[in-house]
Amino acid sequence: MTSVEGNKLLQLPSEQNDKEISIDNVTLKTTHTSITTNTPRLHDTDAIPSSNLQLPTTLSHSEILQSTIKPLSDDNDNFKTELALTKADNGLPHGFSSDPRKKQRASKTQSLIHASRKKVKLKADDLYNIPGQSISEDHGSYAIVYDLVTGIRFSVSRCTKIQDQITDQNFNEVVRMIFNREGNNQAPPTKYEFKFKDYAPEVFRDLRRMFNVNQADYLMSLNDEIGIRAVGSSGKSGSSFYYSNDRKFIIKTIHRSEHRHLRRVLKDYYYYVKKNPNTLLCQFYGLHRLKMSTRTGTVKVHVLVMNNLLPLTVNISECYDLKGSTQGRYTSKEKQQKGSCQKDLNFLENHVKIHLSSEKRVKFETQLKQDVALLKRLNIMDYSLLLGLRHINKNNNEVLDEEFKRVSQIVHKEVPGAHKSTITDTDGGILAVDPNGNDMDLIYYVGIIDCLTNYSTLKKLETFFRTLKHRRESISAIPPIEYGDRFLRFITSNIESPGIMVPPKHHQGRFRAFKRITAHGHTA
């Protein structure tokens, strides 16, 4: 507390280091800490009317008190003062003008001061896009998409010569390019100025060859003059997706941790794909980073170009994202109408089964086990199986719009030496077979997606805290070995083939949580 002599009271919080200050024959006993802590900061002076407060460059204790004490009345008998050291909810000190226009002007001034002092970095999660919206010049994300497509096209066009053999140096190679309006010896002139990095270009060039992606078709698909279309944001990761011109490729913004993890496991991924042509893992075509300056700060975006597992030239009737967990694994009807993928609980609620022939089932399960074994070894979890269902008769009756008709007419050339899968049929799908062995009017599109989540310390903490509230077998954040085993059990238990008996019920005891939730409703 602070005392004032002469029946003049002044309230000040203080604890120690008291000091007496004389102002207009009034002795104040105050504390250094209370003054320096509660007085307005230098950069907040614009928020206070100049008639009431003008702070010098260097402030003493007496000057601070003089500037913050405002007379309330000037009666001859009673002269009271109040120290305005606290701030109101609107950011203005007590005792000053309450004019709404001044308050609004003061709040704007404070926001501008704080914005100038703080360097703002936009994340990939902040890039919100409306699904299906074309990225034109008046779109909010046009500059970023233009820079991405320009950088990818130029970096890919540099890799014209196919190397005979990929070396260890190719996995660590990073090509840096600077783009500006004038152009330079590295890159041609562009609309915007930005920096671009291309990681392991020769490795991804060979991966595209193995995945049967023609170099010329790849460049034509990523053509900003024809059009890039936004897919929207996906799941909890908040990543933004962009279709290529022919809808065959997807440009996905990824987190920096996923970017680093892919660079660490790229060598294992490359040699695994080289030995396993039937792999169900997501196909990666390029890894890049964009850096550009905006009015609000520097934008760094890490992107990954990959295949579009669900072809847009056909209408997919149903789509499921399967992990083998139950917690938060349900998609409401409202989200389904907006185009969101259904999840595990929807899959069980709809009694969906994967009907494959005996031969395809053996190949599918064998390859799935090999893929999961790789993900376990690379310490990866939280991936899922994307399952798309296309009913042939139903789709044949539907008329595709002009955009789909144009895309369906694009023909991609075959690449010599590319892998040919023995699991998938035409268009990358698998034809369903009924219990009698007859072909059904149903095609499955399957693949393992989101396979870049490392089981880091943060994920271990997530496992600990989630198990305090939920059963361990129902959550997604569990160690890679447990996750992979549960994932395999769930997928293989929902595959049916002619002549193969369904496992006894006691073998499915680990999925009691599924049956209990689907039987009594779900709140996920």
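Analyst: Start with the contacts. In this predicted model, 67% of contacts between residues at least 6 apart in sequence join residues at least 24 apart. The chain has 524 residues, and 46% of them are buried. Its secondary structure comes to 16 helices and 20 strands.

The largest nonpolar core holds 91 residues. Within this core, Leu207, Phe284 and Tyr444 touch the most other members. Helix H8, residues 256-275, gives the most to the core, with 7 residues.

Set aside its neighbours within four places in sequence, and Phe284 is in contact with Phe204, Leu207, Phe211, Leu262, Tyr269, Leu304, Val305, Met306, Cys451 and Leu452.

Next, the charged pairs. The count comes to 17 salt bridges. Take Asp321 and Arg329 to begin with. Their side chains meet in a salt bridge, at 2.8 Å from N to O. Are these two partners buried or exposed? The cut-off for buried is under 20% relative accessible area. Asp321 has 12%, so Asp321 is buried. Arg329 has 5%, so Arg329 is buried too.

Lys360 and Asp425 form another salt bridge, with the closest N and O atoms 2.9 Å apart. This pair links distant parts of the chain, as the partners are 65 residues apart. Lys360 sits in helix H11, residues 358-377. Asp425 sits in the loop between helix H13 (402-408) and strand S17 (430-433).

Arg361 and Glu365 both lie in helix H11, 4 residues apart, about one turn of the helix. Their side chains meet in a salt bridge, at 2.9 Å from N to O. Arg361 has a relative accessible area of 10%, so Arg361 is buried. Glu365 has 17%, so Glu365 is buried as well. Elsewhere, salt bridges that share partners join Lys323, Asp382, Lys459, Glu462 and Arg466 into one network.

Finally, the surface. The accessible surface of the protein comes to about 28700 Å². Carbon and sulfur atoms account for 49% of that area. Which residues form a nonpolar patch on the surface? They are Leu458, Leu461, Phe464, Phe465 and Leu468. Together these residues have about 590 Å² of accessible area. Phe464, one of the patch residues, is found in helix H14, residues 457-467.

Terms used. Residues numbered from 1 in each chain as written. Predicted model: local features only at pLDDT ≥ 70, side-chain atom pairs only at ≥ 80, totals over all residues. Heavy atoms only, no water. Patch = residues over 30% accessible without salt bridge, like charges linked within 9 Å, V, L, I, M, F, W, Y side chains within 5 Å. Areas by Shrake-Rupley, 256 points an atom, 1.4 Å probe, with all protein chains shown as cover. Salt bridge = Lys/Arg side-chain N within 4 Å of Asp/Glu carboxyl O. Helix = DSSP H or I, 4+ residues; strand = E, 2+ residues; numbered from the N terminus. Core = buried A, V, L, I, M, F, W, Y, C linked by side-chain atoms within 4.5 Å. Buried < 20%, exposed > 50% of the residue type's maximum accessible area, 1.4 Å probe, protein only. Contact = heavy atoms within 4.5 Å.
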